[in-house]
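Please look at the sequence and the 3D structure shown here before reading on. The briefing is meant to be read beside them, one topic at a time.

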Amino acid sequence: MRRRQSAMYAAVKAANPNWQPGQPFDSSILDSVTRELVESNLVQSGNQFVRKSIDYSV
């Protein structure tokens, strides 16, 4: 679930850089979140997959 949440956060933040968690947003933004997008942001670390480093600074 966390992987999807990270992709959702990144998609919303990319569409609206001023958005903060808890604020409403246009759900059509999430239409661009795909399994491939989520998986492209992961790397294997031992027997787990972890998120690649993402800079959320504005």
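Predicted model: local features only at pLDDT ≥ 70, side-chain atom pairs only at ≥ 80, totals over all residues.

Residues are numbered from 1 along each chain as its sequence is written, and side-chain values use heavy atoms, with hydrogens and water left out. The chain has two helices and two strands, and from the N terminus on these elements run α-α-β-β. Here helices (H or I, at least four residues) and strands (E, at least two) are DSSP runs, numbered from the N terminus.

**The chain as a whole**

- The chain has 58 residues, of which 16% count as buried; buried means under 20% relative accessible area, exposed means over 50%, and partly exposed lies in between, with a 1.4 Å probe and protein chains only.
- The accessible surface of the chain comes to about 4700 Å², and 49% of this surface belongs to carbon and sulfur atoms; such areas come from the Shrake-Rupley method with a 1.4 Å probe, and for residues only the protein chains shown count as cover.
- Among contacts between residues at least 6 apart in sequence, 28% join residues at least 24 apart, where contact means heavy atoms within 4.5 Å.

**The aromatic residues**

- A pair of aromatic rings is described by the distance of the centres and the angle of the planes.
- The structure holds two aromatic pairs; rings of Phe, Tyr and Trp (its six-membered ring) pair if their centres lie within 6.5 Å, and planes under 30 degrees apart count as stacked, over 60 as edge-to-face and the rest as tilted.
- Tyr9 and Trp19 form an edge-to-face pair, with 5.7 Å from centre to centre and 65 degrees between the planes.
- This pair links distant parts of the chain, since Tyr9 is in helix α1 and Trp19 is in the loop between α1 and α2 (35-40), ten residues apart.
- Trp19 is buried, with a relative accessible area of 7%, while Tyr9 is partly exposed at 24%.
- Trp19 also pairs with Phe25, and because the ring centres are 5.7 Å apart and the planes stand at 85 degrees, this pair is edge-to-face.
- Phe25 counts as partly exposed, at 34% relative accessibility, and Tyr9, Trp19 and Phe25 together form one aromatic cluster.

**Residues of the two helices**

- Lys13 lies in helix α1 and is buried, with a relative accessible area of 11%.
- The side chain of Lys13 reaches the backbone oxygen of Pro17 at 3.0 Å, and, not counting residues up to four places away in sequence, Lys13 touches Asn18, Trp19 and Gln20.
- Ala14 is found in helix α1, which covers residues 2-15, and Ala14 is exposed, with a relative accessible area of 64%.
- The C-alpha atoms of Ala14 and Ile29 are separated by 9.4 Å, although these two residues are 15 residues apart along the chain.
- Arg35 lies in helix α2 and is exposed, with a relative accessible area of 61%.
- Arg35 and Ala7 are 28 residues apart in sequence, and their C-alpha atoms are 9.3 Å apart in space.

**The two strands**

- Strand β1 (residues 42-45) and strand β2 (residues 48-51) run antiparallel and are joined by four bridges; two strands pair if DSSP finds at least two bridges between them.
- The two strands form a hairpin with two residues between them, and Gly46 in the turn has a positive phi of about 65 degrees.
- Across the strands, Val43 stands opposite Val50 in β2, and Gln44 stands opposite Phe49 in β2.
- Phe49, whose place is in strand β2, counts as partly exposed, at 47% relative accessibility.
- Leaving aside its neighbours within four places in sequence, Phe49 is in contact with Leu42, Val43 and Gln44.
- Phe49 and Glu39 are ten residues apart in sequence and 9.2 Å apart in space, C-alpha to C-alpha.

Note on methods: Polar contact = N/O pair within 3.5 Å; in protein donor to acceptor, adjacent residues only side chain to side chain.
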